[in-house]
Amino acid sequence: MKAIRILTMTLLMLAGIFCKAQDPRDGNMRYFEPVLDGEVVYRGPDVVFRKLSEGTWMGSGHVIASETLYLIEGKTRALLIDTGAKIAGLDKIIRSITDKPVTVVLTHAHSDHSGNVGCFPQVWINPSEISVRSNAVSGYEGQVSFLSDGQKIDLGGRTIEVFFAPGHTQGSTIFLDSSRRIGFSGSSFGSGNLNLLTDFSTFLKTCDSVLSVLKKRKIRILYPGHYYGDNPDTPERIKEMRSLAKDILSGDVTGVPNTGGSFGLDTRAARNGFRINYSSRSLK
Ligand SMILES: [Zn+2]
């Protein structure tokens with residue numbers, strides 16, 4: 001049995017299903033395992049697309065902690081949520097999955113979420129993201145359009161609600177699909193490993209407003225922008241992140257140095273498998 005398991009793991013790694021990357025939780029290199037169930041509809045060197053449910057697909061890249069993009073389809077239009085880090089010919093890959101006209105939206109502008117936006121003639125983004133450094137949108141030559149909080153995107157029999165969720169970045173945005181009781185959270189909660197580039201008060205407010213809307217819309221799962229295993233954002237996980245953030249801000253939890261942290265975030269604190277990376281400027 002053990003030999004079969006080792007062989008299977010090896011084949012999966014060779015097939016690019018696992019992706020080795022630095023785990024920002026402890027800095028070690030390891031293979032991350034995105035969600036492995038779901039029919040594979042496209043497999044290439046840069047990305048694997050799997051069907052999550054009827055009209056919903058997840059694309060897993062392997063540049064930064066299984067960066068993930070989502071394609072969802074209504075009767076008349078499709079919506080691409082994020083454009084990954086580095087995926088050659090992303091537009092053609094998307095076209096092989098859906099024949100509907102595609103609207104492109106970003107959860108935020110960091111380059112692991114906007115890396116291939118140049119494949120598309122128009123992108124929708126939270127206006128607060130336009131000043132984000134380290135993004136692929138700054139050199140984008142297509143049309144940049146601005147999302148608004150509460151905006152409804154009609155895909156034909158499937159409406160997606162735009163929900164601003166500042167914290168990771170000022171313009172982080174979540175997309176909610178009440179009819180399927182799912183949503184898409186990008187890096188808003190960091191899949192349990194948050195890089196906090198705003199401040200704790202902003203993040204705590206976002207946790208409260210997101211928990212409230214999830215309850216109202218009966219949404220149980222937010223598909224995230226990264227995977228460290230099978231870890232979609234759920235109300236329970238957001239509550240854990242909220243509790244940790246509150247205790248860091250109050251001083252009940254003290255951070256430790258975060259050597260080599262992304263974005264220059266020099267402090268980190270962790271509890272129960274949840275982690276927040278921050279700087280002293282965030283402590284307000
Ligand atoms: Zn980000």
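Begin by selecting strands E5 and E6, which form a hairpin with 6 residues between them, and look in the turn for Ala 65, whose phi is positive at about 45°; strands here (E, at least two residues) and helices (H or I, at least four) are DSSP runs numbered from the N terminus. The model is a predicted one, in which local features need pLDDT of at least 70 and side-chain atom pairs count only at pLDDT 80 or more, while totals for chains, interfaces and linings use all residues. Residues are numbered from 1 along each chain as its sequence is written.

Keep E5 (residues 56-61) in view: 5 bridges join this strand to E6, and the two run antiparallel, strands being paired if DSSP finds at least two bridges between them. Within this pairing, Met 58 has Tyr 70 of E6 as its bridge partner.

Now colour E6 (residues 68-73) by burial (buried: 20 or more other C-beta atoms within 10 Å of a residue's own, with C-beta atoms placed from the backbone). Because 6 of its 6 residues are buried, E6 is largely enclosed by the rest of the structure. Thr 68, Tyr 70 and Ile 72 lie on one side, with Leu 69, Leu 71 and Glu 73 on the other.

Finally, select the largest nonpolar core, of 57 residues, where those with the most contacts inside it include Tyr 70, Ile 81 and Met 241; such a core is a set of buried Ala, Val, Leu, Ile, Met, Phe, Trp, Tyr and Cys residues joined through C-beta atoms within 7 Å. Helix H5 (residues 235-250) contributes the largest share, 5 residues.

Technical notes. Buried ≥ 20, exposed ≤ 12 C-beta atoms within 10 Å, placed from the backbone.
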